[in-house]
Amino acid sequence: MNVTWGRAAEVLAGNWLGSSTVPSRGLYPHQWSWDSAFIAFGLRHLSPSRARRELLTLFSAQWRDGRVPHILFNPDTPPEAYFPGPAFWQAGRTSGLVQPPIHARAVLAVHEADPDPVFLATLYPKLRAWHEYLRTGRDAGGRGLAAIVHPWESGMDNSPAWDGPLSHVTPSTGFVRRDLEHGEAADRPSDEDYGRYVRLATDYRDSGYRDFGNFVVEDPGFNALLADAELALAEIAEILRLPAAAAAHREAAARVTKALQDTLWDSVSGWFFARDVRTGVPAPEYTCAGLLPLLLPDLAVAPAVLATATGPRFRLGRVHGVPSFDLTAPGFDPGRYWRGPSWFNVGWLVRQGLLCHGEHVLAARLREDLLETACATGFAEYVDPLTAAGHGTRSFSWTAALTVDLLAERN
């Protein structure tokens, strides 16, 4: 595995820009929010100073309302290299959307690898403002859950869970998709879906980034990561000797966890489903987002989640990684973005959830598969869960970074 470690480190070195890491040099030539958090988990073993710089750079772009933008644009990248770029968003050097809040967990992990009280004290108030924006400003349903206002905010861009809430959105036309210059069309979202994404982003921008327009969805994956991030923030507050704040963060995590189970859990189906806040209708699609609540130690329904996950819909432990969509569904596609392929970051997160609930054998099996697949595919963006064939771009940063993190457990 030393060879794999070295190859993964080379990927991260090649994608390093000096203050942040691009997900890939061609397809994603800027800094992405949750990518950087995952990347920091790996960088902490290679260069803690780079890991700290990665996160500090991202949070330097935080908005005054607390949101952490999903893209921080690299000024040295030609405008035509990526769409929608900074001119589209009209927000300076960032986009106006967000991505899942895994940053507190990454900050804590970086500090634990190489303690730096100044780093922790610098980012704590920024993380607190970020979570406050999500827990209050994004609580569209009034149930204590953060809503996403665009599919890209979920991190799982073209998940089948968004098909229903997107069905009433008229696609934009007349734009040029830069992603198809770097990836196979069969691996990417369809033109119709992409047109809907552009329409939503345009409307959100034109509203002055006023939350809650034509797409308002409570996503189980996003909220599970928010609850886990509050638990991480509680640990950070304890390190900083802020016991009252730590208690408040634990209480916030408990509230989000309860709201998840009360609002998005379907006991008949044994799964967490996204909910369209505008209609109150669940999105009845079994996606990998329904597995992420396993990260939460107080999840009462964990046994039922695991039963579904190891059943025919996901076959966890019997396929490669964690399929992003129901293997038995007619729309399952093993190669198209979030409509079936397995992603390394989801596998890494699910493994953490398995360990949290004592599923050590299944977690070990998943770990070995993730490492073998990452190496065999040249650190692919995502893979076919049935054949392990690589899809998307190669030398993908979070695949390489999380490979390093898994390998470090033996060192």
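Biologist: I see that Ile148 stands opposite Val217 in S4. How many bridges join S3 to strand S4?

Modeller: Quick note before we start: this is a predicted model, where local features need pLDDT of at least 70 and side-chain atom pairs count only at pLDDT 80 or more, while totals for chains, interfaces and linings use all residues. Residues are numbered from 1 along each chain as its sequence is written, and side-chain values use heavy atoms, with hydrogens and water left out. Now, strands of a sheet pair through backbone hydrogen bonds, either parallel or antiparallel. Here, two bridges join S3 to S4 (residues 217-218), and the two run antiparallel. Strands are DSSP runs of E with at least two residues, helices are runs of H or I with at least four, and both are numbered from the N terminus. Two strands pair if DSSP finds at least two bridges between them.

Biologist: What is the order of the four strands in the open sheet?

Modeller: The order is S3-S4-S7-S8, with antiparallel pairing. S3 (147-148) and S8 (281-282) are the edge strands; each has a single partner strand, so one side of each lacks a neighbour in the sheet.

Biologist: On to helix H6: what span should its 21 residues have?

Modeller: The expected span is 1.5 Å times one less than the number of residues. For H6 (residues 117-137) that comes to 30 Å, and the end C-alpha atoms are 30 Å apart, which agrees.

Biologist: Where does H6 bend?

Modeller: At Tyr124, by about 30°, and a proline, Pro125, follows within four residues. That bend is the angle between axes fitted to the seven residues ending there and the seven starting there.

Biologist: Is Arg52 buried or exposed?

Modeller: Buried means under 20% relative accessible area, exposed over 50%, and partly exposed in between (1.4 Å probe, protein chains only). Arg52 sits in helix H3 and counts as buried because its relative accessibility is 14%. Its side chain makes a polar contact with that of Asp116 (3.4 Å); such a contact is a pair of N or O atoms within 3.5 Å, and within protein one must be able to donate a hydrogen and the other to accept it, with residues adjacent in sequence counting only if both atoms are side-chain atoms.

Biologist: Which residues touch the most other members of the largest nonpolar core?

Modeller: In soluble globular proteins, nonpolar side chains tend to be buried together. A nonpolar core is a set of buried Ala, Val, Leu, Ile, Met, Phe, Trp, Tyr and Cys residues joined through side-chain atoms within 4.5 Å. Of the 124 residues in this one, Leu127 and Val350 touch the most other members. H9 gives the most to this core, with eleven residues.
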